Amino acid sequence: MAILVCAIMLVPGVSAQNVDNSAGFSITPAGDLNLPGTASPRTVGTITQGQTDWYSTVVTSGTSSLTMDLNWGYAPDSLTLTILSPDATYGPYNDLSDGTTNGRITLMASQTGGLSPGTWKFKVYGETVLGSQSYNFVTY
């Protein structure tokens, strides 16, 4: 029983270290963010339960990582983030995917040799929302 309890306690820490990993591509928690001056324009949106909002950014050749920050700041509401690169779809990710339940999903995508260049799309989905929920979304 003690082993089972220890194993259960370790799962969130392990999954928080590497959310997704395949063929040299990984998505990991981005940790505490201090937004750089080169961040794409911060998008301010409002979403309701069952609603989907779409965003995109262009990733240039040679880009080694991309950070995504979806922040709604109210943990009782649940939003998800799905990442669509030019060659694959990742997610959906929820509030706990970055290791912390705080009304925020902060993830970093990176790939050995650089990310796939082209248009990356992001799907923000209102999974469980009471009324409407405002949020910020930014990539850099």
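The following exercises, each with a worked solution, concern a predicted model of one protein chain.

Residues are numbered from 1 along each chain as its sequence is written. Local features need pLDDT of at least 70, side-chain atom pairs count only at pLDDT 80 or more, and totals for chains, interfaces and linings use all residues, while side-chain values use heavy atoms, with hydrogens and water left out.

**Exercise 1.** Work out the strand order of the open sheet of four strands, and find its edges.

Solution. Two strands pair if DSSP finds at least two bridges between them. On that basis the order is β4-β9-β6-β7, and the pairing is antiparallel. The edge strands, each pairing on one side only, are β4 (52-59) and β7 (89-93). From one strand to the next, the twist averages 15 degrees, with axes being lines fitted to C-alpha atoms and angles running from 0 to 180 degrees between N-to-C directions. Finally, β6 (residues 78-84) joins β7 over three antiparallel bridges, and L81 has Y93 in β7 as its bridge partner.

**Exercise 2.** State what share of the protein chain counts as buried.

Solution. Apply the cut-off of under 20% relative accessible area (1.4 Å probe, protein chains only); of the 140 residues, 35% count as buried.

Key. Buried < 20%, exposed > 50% of the residue type's maximum accessible area, 1.4 Å probe, protein only. Helix = DSSP H or I, 4+ residues; strand = E, 2+ residues; numbered from the N terminus.
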